Every structure is written in structure tokens, then in C-alpha cells.
Amino acid sequence: MTAAAAPAIHRPRSRLNRRLATQVFFLLAALYFLLPLVAVLIFTFAGRWTANILPDSYTLDWWAQALGNPDLVGSFWTSIVLATGTAILDILFVVPAAYWARVRNRRLRPIIELGAAIPFCLPYIVIAFGILQLSGIVVPALQGTFLLLMLGHTAIAFPFVYWAVDAAMAAAGVERLSEAGEACGATPIQIIRRVILPNITPGLVTGSILAFATSFGEFAMAQVVGRGVRTVPIWSAEALRSYISAPGTFNQLAVITFITFALLFVLSVVIVYLNRSQTVRLVPGAAEVGEAERA
Amino acid sequence: MATTAPAEAGTITAPARPRRSVGQRWVALWLPALPLLVIIGALLLAPALLLIVQSFSGNSGLTLDLWARVLGSALNREAIVTSVVLGVTCATIATIIGAPMAWLISRMFPRSRAGWLALLNVAANFGGIGLAFAYIAVLGTQGMITLGLQGAGLGFVPPRPSSFIGLTAAYSYTNVPLFVLLTIPAMGILRAEWWEAAQTASATRWQFWRMIGIPVLTPFIAGGWLLIFTWSIGIYGIAYGLAGGGGAAAIALITLQIGNILGTDVFGAGRAAVLAVLLMAMATASLVIYRRLLRRALRWL
Amino acid sequence: MTSGVSLQDVRKSFGNVQALDGVSLEIESGELIALLGPSGCGKTTLLRSVAGLEQPDEGRILIGDRDVTDVPTRERPIGMVFQSYALFPNMTVRQNIAFPLTVRRRPAAEIKARTDEMLELVNLVPQADRYPNQISGGQAQRSALGRALAPAPDVLLLDEPLSALDALVRTRLRDEIRRVQQLVKTTAIYVTHDQSEAMAIADRVAVLNHGRVEQIAAPPDLYETPATQFSATFVGSRNALELPVREGQVSLGNAFSVAAPAGASRAMVFFRPEDVEVGSNGVGHPATVEFKIFLGATSRLHLVADSDGQQARFYADLPSRRAVALEPGTRVSVRVAPGDVRAFPIGG
């Protein structure tokens, strides 16, 4: 990816004006993005809050309540396990397929890319609905189970993992490395273990994190397919609907929302850090653009 | 100088490889990818096909009955129209704010750019119920900004979270960053040299943008618009959080209708399937146009 | 209407790096001057300063009588050819060439006439309606040249225009650029790191090193009489030997003996491979052929000789016919006419 350098400007005054306008724009944008976060954070500490922009009193009660709420804590760990499982499954499924598509079987590529377009084409609620119907016909025993939900998440998150891993493989020149490995007499397994995996680690981590984040915040499929599974979004939806009748739930909701946000933030920083020298491909078309520019 | 040495223990000879059958070769070609292909087939492709079939199923074979019933209902028609209008509005807002932002960020120095990318990543992924809650926390009846403005004396009445405006504002929180992240790579297409060459040819900034910058970037910006449109019409979590499900939905959207039917009506699977296929068709059409746009754009580059 | 260019004590630094260290240059109207030097010598910075794409920290730049130091690029009467052509991808060749006229809002008839004229000038009439990604590198560069010349600029600026091209295309296009420049008689500043390219097309060559002009001269003068050690090493291929100074003379045995530069105990001596006289008759200094490289019309002998107990290695270029019998291991005698030897004090 190239970042075009700003052209030399000759009139100092107009340059200053433009710089100032840009900085104001970004200041406003930063405020806008941070505002909900700040509001949620304040809610976690708010005591009485009826009239002004800031609460009348502060308390740590909500944090104590939230962390002591078995329902809430349970849903948090459920989401963690679910998201981690999704990430692991995605890596296990995607890496061999992506490797093989590059090195042995070119025909795999269009098939995988078509599959990767589906979660972009179809909203998650639609896919969830379809899985619900299909599982009713084929594996009714799995309906509403953790396993089915995790498989569903694996399916909808795989495009992110694929793009990340595929990009890393392209950057590492996996085809060339494999040929060199074969010329040295290594078996495919040895090549994957000793040569390929170490060279695509940033892609693996980025992909895992994207899969994790997708699963952690996903609501539609959790509601429709994972009927018996309580994830953070499920708990949050219930809390949102019922906050009028159960005061304090709202503030606990603030706590878990903030924790989720903080988690997301840390993961995003890691992703950006790992990919600081290249663009992260998120969608089919943008990917081709990035490649053309880099070539 | 060459003398032929007889092959003996210690020299390397390739072991005779058994000829593999067609079946064995086929397996070798596809085996490592099989788990992924099964996942794609079983959890993405098959469900989609099933829904399509179900939307056309009647008591005796294929029929358009379900479609007639769904499209005949005023509520459903309203849901379709609202979803599309919401999608168009959100996509347009995201483009107007996002395009200049993507341009500016693409030209920043790496360190500040990285900071912005992290922030955008978070905002783009922060959706669903969490965002719905955050919106209420900021602009709800007891929200921070609401109380703040009211406390300052301004009689501020916030838009209802479940209103069109409320949804648009909440959607835009993730849509603008998403648009920026999707189009930043395309901004790198504009090479610094073109601007320099234009300057040496005596073009003004505006002339450069009008004759070179905008024509080159437009397909990618339009592509971004389409992607956000596709994304927006399919949003469920945020809408559910703001407008509620369970029959008390304050705004009619296709996704909410699907969720509604699934949650309350045991026999409504067919009608829900029609709505789902409708969404599928719109999203697919959008993506096809997107790919065609990009292919045309890249023919110059 | 073409003008001369005057650079007066131009200085420019990027952070800690002094790219231009007080460059003064007078370029005559209608001449093609080459800026020659290794990477980092400041030649591109200098060109871009004339274009207005870089702002000098100090000094003045004049095009004709007009001080353009503070004038933005788009108002300078220039045309520029970039190393990577920088053709606008969404416009045909014709539209690219017409671009400077279009943005000046010239009447349509004038634009068409002038564009046709340019297409003829650079031999691109058949490619006029093709897009940049449909034409070859050489054609792209010619389009860029047409675009630069379309508005009849006072000065033509070329930034290593041939670097991105294949070797064969490079020579042809080099001559093409020279032909066009001679035809339109526009003042041209041509940046390159290739010394043979510079000497083939320029009226004068300015050798730059570390942001300073080492020497400006017409190509033959530069080749024959380099003024500084840097020019000597950079222009033309030369032998360089470090030899001790004895009694005011520096010599390589019987090969040559020249007056040493004043005040040095050692000197760096330069002589051209084609000036080395190789014979087998014992006149001169004995040397042995280490190996021979066949270059077509000439052959290059790698020779080693004894110089006060140490080995001196240098080349000699001969017509190949004369080098046929001189296989590795042959002993020969070498001689260089004193007029063909230049000596510089070590450290200066």
C-alpha cells in the first residue's frame, strides 16, 4: 500500500488553513467516536443521575454487582469459550485449504472465494435462519446446542480468516518456499510445520482475532441458532428490554458493554500493529486493489 | 573423468513410487481443503438453497403463494421499503463523511495513521446490542447528551431510539468507520506523481480532482457505497436492541420481521423464508454490481 | 519562446541531509544540459526545485528574467517528464497530451491542432486513442514528452526518463528525445545517473556530488580533462592506481612517469584503458595478462604488474584482432603516454 506524500504547498497561509481545518475535522471525529464509550463508562460509575451531563454521585456498586452476577459472568465466559473455539476451528480449517489452494490445487481458489462472498451477501440473520431450518431436517439433535452455534460462527467468520491468512501467504511467497522445501527433501507436513507456519504468523494471529471478535459480538445467530446458549449479546439484549423493571441491570449492562469494548480495543490495536506495513483485506474487491498496488 | 559406479548401498536412488489410482490422486488434490469445503457447503450454501426452496414451497410442489402472501401484507411492504430507504440513507451518509476521511487518513504518516486505524477498527466492529445500548446511554431519554443539553436549559427532545433517525444515527456509528476501512486501500491508487504531473501542466487542485482524481476513485467510492448498503439492510442486532423484537417492534424492517416471525409464529417459517430470500436477492444483486464496477475500474490501472 | 535558467546559490536540506549545498548554474537558452551524478547527489532535488515541487531553503531560481523562486509549480512555464511517465490512467494518449491545454481553457480547435502536431512530433499517431495501460513503455514515455511540450514551455525538465525502460528501447528513445529537443529548441534539463547517456545527448554536462557542482563542461572536455577526482572516477571508465611520489615524480616503472602534484607523498593516478599501449617488444614496463574479456570490437585485458614490490592491477582495451594471441599468462610490456595520465594528490 502506498501512502501518497502530501504535495509541496507554496502558499504558507493556505497550507495553514487547510491543516487547521483537517485537525478540527479529526478532533470532532475523535470526540464522536469516543463519546459512546465515555457515556458507557460513566454509566458504570453513576449513582443518582437525573439532570445534568454528569451524574450526581458515583459508586462502584455496579461493578461489584456485575462481577458477582452469575448470569452475567456465566454469559461472559460462554462467549469467551465460544469465540476462542470459533477462532481455533477457523484456523484449523482455513490454513490447510488456503495453503493447498496456493500450492497444489488452483481450482480451489474460486470455490473458496465464492464461499467467502456468502457471509457478505447474506445477512447473519438469514444464514442463521437457514441453518435453523436445515438442522431441523438433518440433525435435529444439534438444534440449540453450543456446538451448532460454534460451527455457525466458524462459517460466518471464515472469510476474515481466509483473507488474513491468504494475504500472509502471498507476502511470504509460499509457493516458492514450498518448492524450496521439496527440493531439500521435506514432506508436506514438515514444510507446513517448519517453513510455512512460522512465516505467516502475523496472518494467523490477525485472522484468529477477527474470528474471535466476530463471534464475541454476534447476536442474530446466537438468538436463532443457539437457543440454549447464553452469550454476552443475548444477556445484553435481555437486560436492555428489561431495564425499566429491574434497575441496576442497566448499569450492569454498562459494565459488560464497557468490558467488551475494552477487549475489542486491545484486539484492534494488536491487529493494526501486526499489519502496520500492509493493508488488511476485508472484502473481495478491495483485496484486488491492494494487490495491484503492491505488485 | 567420469567412471560409472555401480549403484550400491550408500548412493541415493529414488524409491519406486506406486502408480496412484485416479481416486487417490483426486483425494490428494482435495483432502486438505475438505473440512473447509464441508463447512461452506453445509453451513452457508445449503441453508441458503434450502431457504430459496422453502420460499417457493406449497402443499403441492412449487408455488408463489408464500410470495403473494408476504408481499400482500402492508406491514411487510412497509418493512421492505423502510429497509431499502434506511440502507440508501446510511450508505450515502457513510460515503459523504467517510470518503474525505479515508482520503485524509491514507495520506497521514504511518504512526498517526495506525492510531486512527485502530480506532476505526474498534468502531467498525462495535455493533450489535452493545452499540444499541451505548446509543441509549448517550441519546436516550436518560442519556448523557440528553441530560446535558436539558440541564443547560435547551429543551432538547432526543429522537426515539427506534425511530428512523435513531437507527440511522446508530448504524452510522459503525458504517462510517467501516466505509473508511474498506476504501483506504483504494486511496493508494492515486499516485503522488499524477498530482505533480498535473501541476507541471498548470492544472489547479480542482481541475486535478475533476479530471483525474474523482474519475479514478469514483468506482471504488461507489463500491464502498454498495457494500455499506448491503451491510445495512442486513443489520439485525443494533435494530433489535433499539427497536425491540417480540411483536412490539416500533419500526418495520425486513430483518426485524424475520426475527419476529421466528420468535413468535411457529408456522411462519415459509413467510420468513420469503423475506430472507428477498434480502438475499438484494444483497446478491448489490455484490454483482460491485464486482462489475471494480472490474471496469481496474481496466485502466 | 524558450528561456535560459539561472540558479543562484540554491540550498536545500531534508532533516540532517544537505541535498543542495550552494548550487549556482547558468543554463543557456536552447541548450540541453545533463545533471549527472550518483544517487543522493542532489540532481533530482535540483530538477524538482526548478519545477517548484521542492522549495529551496535559500537561493534564487530564475527562468528567463523572471524570479520564480516563490511561484507555485502550476504557474511556471515548464513541462516535465517523470521517470515513471505519470500518464493519467483514465485518459487516452491524445487526452493526456491535450491536458495542459485543456486546463488552460484553450479553444477546442487550437487544442486539436496542437495535439495533432505533438502526436506527429513524437511519432504516436497510431496510438493516439489508446489508454496508458495499452501501450509500451517507450510509447508511454513519448506520450509524456508530448504532454510536456504541448504548452510550448520555456523549459523542459526530464527526471531520469529512460530508467524504467529496457536497454534496447533506451538507446532509441534517448536519440528520439535529443532529436525532438533539437527540433523545438527548448531549453532542457536532463537528470540521469548514466554517464554514457549524459554524454551522448547533452550540450553540456554538470557533474554533481554531495549537493555541489563538481564540474560543468561539454562532453568531450569532461571526458578528456576531468577537473576533480570525483569527475575522473565517475565519467568514463578509467584505471586508478595509488602510487608513491618520489622526487616530484610519480611513475609506474617504465610505463610512465609524470610530474607529481605539489605537496603530496602519494598520488592517485588515472589513465584510460584505451590509452595503454600493449606490446611484446620489451619497450615499457613488464606485465602479465591475468585474463581477457571479449567485448566484441574490443577486448579488455586484465593486467598485473610489479610496482615497487607491490602488485598493480589495471585494464587495457585493445581491438580484438590484436588481442587474439594474448592469452592468460602471456607476458607483455605496457606504456602510457604522459599526456594521457592525470595525477591527483591523495586526500584531495
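Let's start with the surface: chain A exposes about 13100 Å², and carbon and sulfur atoms supply 68% of it. Those areas come from the Shrake-Rupley method with a 1.4 Å probe. This is a predicted model, where local features need pLDDT of at least 70, side-chain atom pairs count only at pLDDT 80 or more, and totals for chains, interfaces and linings use all residues. Residues are numbered from 1 along each chain as its sequence is written, chains are lettered from A in the order written, and side-chain values use heavy atoms, without hydrogens or water.

Chain A next. Of its 295 residues, 53% are buried, meaning under 20% relative accessible area.

Now the core. A nonpolar core joins buried Ala, Val, Leu, Ile, Met, Phe, Trp, Tyr and Cys residues through side-chain atoms within 4.5 Å. The largest has 230 residues, and B:Trp116, B:Ile258 and C:Phe99 touch the most other members. Helix H3 of chain A, residues 70–103, gives the most to this core: 17 residues.

Last, a helix pair. How do H6(A) and H2(B) lie to each other? Their axes, lines fitted to C-alpha atoms over the stretch in contact, come within 10 Å and cross at roughly 105°. Roughly perpendicular covers 65 to 115 degrees, so H6(A) and H2(B) are roughly perpendicular. Contact means heavy atoms within 4.5 Å. Among the residues that meet are A:Leu151 and A:Phe158 in H6(A), and B:Leu36 and B:Leu44 in H2(B).

Notes: Buried < 20%, exposed > 50% of the residue type's maximum accessible area, 1.4 Å probe, protein only. Helix = DSSP H or I, 4+ residues; strand = E, 2+ residues; numbered from the N terminus. Axes fitted to C-alpha atoms, helices over the stretch in contact; angles between N-to-C directions. Parallel < 35°, antiparallel > 145°, perpendicular 65-115°, else oblique.
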